[in-house]
Amino acid sequence: MKENIGQSFEARIRSLASDGRGITNHPSGRTFFIPGVWPGELVLVKITELKSRVGFADCVEVIEASKERISASCPHHGFEDGKCGGCPWQFMEYEAQLEAKQQRVLMAFDRLDASDKVQPIWPSASPLQYRNRAQLKTDGKSIGYMSPQSNTLAPIQSCEVLTEKNAETLKGLIEKLPNTEWKPKKRNGLTTLDIDESIDAGDVSVNQRLPFIQANSDQNDKMRAWLAERLQKLPQKPSVMAHALELFCGSGNLTRVISEAGFDKVTAVEGVQEAVDSLGALALENVEPLKADLLSEKGIDIVKFRAKDATALILDPPRDGLKIKGTLLDAKGNYKSKIKNIFYISCDLATLTRDLEFMLEQKYKIKEIQPLDMFPQTSHIELMVWLAKK
C-alpha cells in the first residue's frame, strides 16, 4: 500500500519520539510521527508530509483513547496553525507524563548499562503556573507563542503555565495592543518580548534576551539542594587544596552552591561576558570567574591551564552538550586530568548520553542519575548525573 499526501489510515501508537510526538507505522512499513497522541491509542490519522523514509500526519480521530487522556484546560492548546505549541502534552494526566519521561530515561540509560542507577523522577510542585520566565512573540497586533512545527504566531489571551506575576505582565502587555513600536522590522518577522518575575509590562525586554535563569523556581531549588548534598559527600584531604571547576556557570545559579561546599578554590567558566560580570559582582568566596568559549578548543585550552589541579567538575551546558569532548578528561600531550568526580546537569537526554558514553570510556563510573521534571506539559527532561573515578 503506497502512501500519499492527504491519505488517511488507522494507526496504533507504539511509542513517543524525543519531541513528544507519537510514533506509528503505515501498512507499507514507513514510520510516521503524529502530535497529540499517546502510546497504545488507536487513531485515525491523515498524512501531511513525506520525507525520505519517514512521514508526518495529523490525528483526525481518537478511536481508542488512553485512559489517562483528558481535555486540555487551556483554550489555546492544539496542534493546528493558530493553536499554541507551548504545552503539547496538556491532553494527558500529569502522572502519565511523568511515567513517559521516566521510561524514556530508563531506555536511554539501558543502552549504557546504567538503568539501575536511575532514580524516580521528581515531579514539579505544580504542573501549571510554574514558568518564571517566557519569551513571547508579537506582530504588533497580537501576542502569543508559535504554533506547533511552524512559523505561525498563535495569539493568546492567557497562559496557564506562567506564574501569577508573569500572567499579570502578559495581561498588561495585551492591553498595550495594537502597538506600532512592536511591529517587526522584517516582513513576515516577529518581535520578541522577554518577561520574567523581575519586570512589569512597562519595562518589558523588546528583541533582547533577559539573563538566563531556570524556568521553574521550585525545581531549581531541588536541583541546587541535590548538588549541595552530593558535594558534601566528597572526600577531602587536609593536605590537598580542593579545587572545583564549573563549566557553563551562567550568572552563578550553581556557583553559589559550589562556593558554600568548602572548596579552597572554584573556577567558574562562562562564555558570555555579561554573565561573567554578574557573577563577579556577587563576590562569592573563593570563586574566580573566567570568560572562555567552551565550544572551542582554544577556550578549553584556557580552562585546562587555569584549572589543571581541579578534582571536581560541575557542568550545566546548553542543549548541545559539552561538544569539545576528551580535551578536559583524558590525557593528551602533557595534560593529565585530575578530575575524580563529575556532576553533569543536562536539559537534553541525547547529548547527555553521548557525552556520558565518552566519560565511561575514560573509566568514570555512574553513581547516580536523577531525572527532574522542569517543564510539565512538555516532553522536556532535566537530568542530574554523578560520575566518579577511583
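**Exercise 1. Decide whether Trp38 is buried or exposed in this predicted model.**

Solution. Start with the relative accessible area of Trp38, which is 6%. The cut-off for buried is under 20%. Trp38 is therefore buried.

**Exercise 2. Find what kind of ring pair Trp38 forms with Phe91.**

Solution. Two values are needed, because a pair of aromatic rings is described by the distance of the centres and the angle of the planes.

- Step 1: the ring centres of Trp38 and Phe91 are 6.0 Å apart. Centres must lie within 6.5 Å to pair.
- Step 2: the planes of these two rings stand at 85 degrees. Angles over 60 degrees count as edge-to-face.
- Result: Trp38 and Phe91 form an edge-to-face pair.

Now place the partners. Trp38 sits in the loop between S4 and S5. Phe91 sits in the loop between S6 and helix H1 (94–110).

Widen the view. Ring pairs join Trp38, Phe79, Trp89 and Phe91 into a cluster. The model has seven aromatic pairs by this rule.

**Exercise 3. Describe the surroundings of Val37.**

- Step 1: Val37 lies in the loop between S4 and strand S5 (42–51).
- Step 2: its relative accessible area is 1%, so Val37 is buried.
- Step 3: leaving out residues up to four places away in sequence, Val37 touches Ile13, Leu16, Gly22, Val43, Cys59, Arg69 and Phe91.
- Step 4: Trp89 is 52 residues from Val37 along the chain, yet their C-alpha atoms are separated by 8.9 Å.

**Exercise 4. Work out the strand order of the six-stranded sheet and name its edges.**

Solution. The order is S1-S5-S6-S4-S3-S2. The sheet is open, and its pairing is mixed. Look for strands that pair on one side only: these are S1 (8–12) and S2 (15–16), the edge strands.

Take one pairing from inside the order. S4 (residues 31–34) and S6 (residues 54–64) run parallel, joined by three bridges. In S6, Gly55 is the bridge partner of Phe32.

**Exercise 5. Which residues have the most contacts inside the largest nonpolar core?**

Solution. This core has 50 residues. Those with the most contacts inside it are Leu136, Leu173, Leu227, Leu231 and Phe263. Helix H3 (residues 217–231) gives the largest share, four residues. Apart from this core lies another, of 38 residues, including Ala108, Ile339, Tyr344 and Leu356.

Follow one residue further. Beyond four places in sequence, Leu227 touches Leu254, Val257, Ile258, Ile314 and Phe343.

**Exercise 6. Compare the backbone and exposure of Asn286 and Lys363.**

Solution. Take the residues in turn.

- Asn286 is not a glycine, yet its phi is positive, about 65 degrees. It is found in the loop between helix H5 (273–282) and strand S14 (287–291). Its relative accessibility is 35%, so Asn286 counts as partly exposed.
- Lys363 also has a positive phi without being glycine, near 75 degrees. Its place is the loop between helix H7 (349–361) and strand S17 (365–372). At 61% relative accessible area, Lys363 is exposed.

**Exercise 7. Where is the cis peptide bond between Leu177 and Pro178?**

Solution. The omega of this bond is about -10 degrees. Pro178 lies in the loop between helix H2 (164–174) and strand S10 (191–196).

**Exercise 8. Which ring does Lys367 lie over?**

Solution. Lys367 lies over the face of Trp386, 4.7 Å from the ring centre.

How values were computed
Residues numbered from 1 in each chain as written. Predicted model: local features only at pLDDT ≥ 70, side-chain atom pairs only at ≥ 80, totals over all residues. Heavy atoms only, no water. Helix = DSSP H or I, 4+ residues; strand = E, 2+ residues; numbered from the N terminus. Buried < 20%, exposed > 50% of the residue type's maximum accessible area, 1.4 Å probe, protein only. Pairing = 2+ DSSP bridges. Core = buried A, V, L, I, M, F, W, Y, C linked by side-chain atoms within 4.5 Å. Contact = heavy atoms within 4.5 Å. Phe/Tyr/Trp six-rings, centres within 6.5 Å; stacked < 30°, edge-to-face > 60°. Lys NZ or Arg CZ within 6 Å of the ring centre and 35° of its normal.
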